[in-house]
Each structure stands twice: as C-alpha cells, then as structure tokens.
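Visitor: Please pick one part of this model and take me through it closely. Then place it in the rest of the chain.

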Amino acid sequence: MIKSKTSAGPEFFTAFATAWGPIGVVGRAGGVARVVLPHYQMADLLALLQWEHPQAQSSDEPFAEFIAASRAYFNGTDAGALLAVPCVLPSAGSFAGKVSRACRAIPFGQTRSYRELAVEIGNPDAARAVATIMSKNKTPLLVPCHRVIYSNGKPGGFSAEAGQALKLRMMRHEKTCQ
C-alpha cells in the first residue's frame, strides 16, 4: 500500500477479482480512501470508479497489500491482514474519527452494537450518531461496519450496494471462518 501518512497527492484506483466478486478500491498517500464491496460486474465497477474519480490513475501496484488481504478475507484464510492496511480516516479527535477507530478495532467474527461503540468512545447517548457515521463509511472491510448491529441483535443497515444481505453474509462468513 501507499506508505506516506499524509492524504495529499495523486489518487489511484483499481478493481480486482475475489472469491465473492470484483472489489474496487481508491487510495492516496494516506492509504485506502474508498472500498466498493462485491456487487458490480468488473467493467461496470471500473466505469464507476473512473467516473467518481476522474483524476485518479489506474494502478494495482499501490494496493498490493489490500488486494492480498481482501482475497484472504473472502477466501476465509486470514482476516487479520486487513488490520495492517492503512486507510484514510477522519481526524482522531473528531467524533467520526473516534467511531471509525473503535469500529476498526472490533475483532474478526465479533459484533458490537451502535450503543456499545458509543459507550466505548465516551458518548453513551450517541448510538444514533454512531449509526449515522457507520452509514457513511467509505472503507468497509478496513472499518468493518458490517460488525456493528442494533442492541436487540438485529443487523441494522449496511451502506454497501448489496445492502443488508451482504452484511448478513459477511457476518455469517466470519462466524464460519473462526
């Protein structure tokens, strides 16, 4: 992955095959900035990424670590590799930054409720605000918002194109891969 810790510089994008279908990724110097989970056909996904990021350069090379880690995740062989992939997050002191970092720390195969995340970041009454932040997550897999559920155990929403069905599939996948 791109090693610099700043978010300035050129953007790159690529799409690649996984066992679950094509994934798209956009990144810059600070790491991965956008992940598109399996839902599209490869040609449609590439067209979407080019349209959304017209100044970005197409290249697999900056994403070698993410590509390997994603394929391992969807093959059920190594979920931990995703933790090593740098990603662009909101500033650490912001509410969104705290929520994103707390979510990123949820272990593979486990879940947390929106309320539990709110408590973890010191805002126990902010469960709805946590849900709002998760609904805007641009880096699923790296910030595993599919692991965040309602307090009653229901899955809640999922902002990825395939929606709640993909969230449930990912949660089942993680339970069976442990």
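Guide: I133 sits in helix 5, residues 127-135. Helices (H or I, at least four residues) and strands (E, at least two) are DSSP runs numbered from the N terminus. The model is predicted, so local features need pLDDT of at least 70, side-chain atom pairs count only at pLDDT 80 or more, and totals for chains, interfaces and linings use all residues. Residues count from 1 along each chain as its sequence is written, and side-chain values use heavy atoms, with hydrogens and water left out.

What does I133 touch, leaving aside its neighbours within four places in sequence? The contacts (heavy atoms within 4.5 Å) are F95, A96, V99 and S100. C145 lies twelve residues from I133 along the chain, and their C-alpha atoms are separated by 9.6 Å.

Four strands form an open sheet in the order 3-2-1-4, with mixed pairing. Strand 3 (31-36) and strand 4 (57-58) are the edges; each has a single partner strand, so one side of each lacks a neighbour in the sheet. Pairing here takes at least two bridges found by DSSP. Strand 1 (residues 12-16) meets strand 2 (residues 23-28) in the antiparallel sense, over five bridges. F12 has G27 as its bridge partner in strand 2.

Two helices pack there. Helix 2 (residues 64-75) packs on the sheet and touches strand 1, strand 2 and strand 3. Its direction makes about 30° with that of strand 1. Helix 1 (residues 42-52) lies across strand 1, strand 2 and strand 3, running at about 170° to strand 1. These angles run from 0 to 180 degrees between N-to-C directions of axes fitted to C-alpha atoms, for helices over the stretch in contact.

One cavity of 30 Å³ or more is counted. A cavity is a set of points on a 1 Å grid, over the protein atoms alone, where a 1.4 Å probe fits but cannot get out; lining residues have an atom within 4 Å of a point. The largest cavity has a volume of about 30 Å³. Its lining is G109, Q110, T111, R147, M171, E174 and K175.

Last, confidence. The chain averages a pLDDT (the predictor's confidence in each residue, from 0 to 100) of 90, and 95% of the residues score at least 70. Over residues 1-7 the pLDDT is below 50, yet this stretch has 22 contacts in the model beyond near neighbours in sequence. Where pLDDT is low, predicted coordinates should not be read in detail.

Key
1 Å grid on protein atoms, 1.4 Å probe; cavity = no way out; pocket = protein on both sides within 12 Å on 5 of 7 lines; lining within 4 Å. Points joined across faces, edges and corners; volume = space filled by probe spheres on them.
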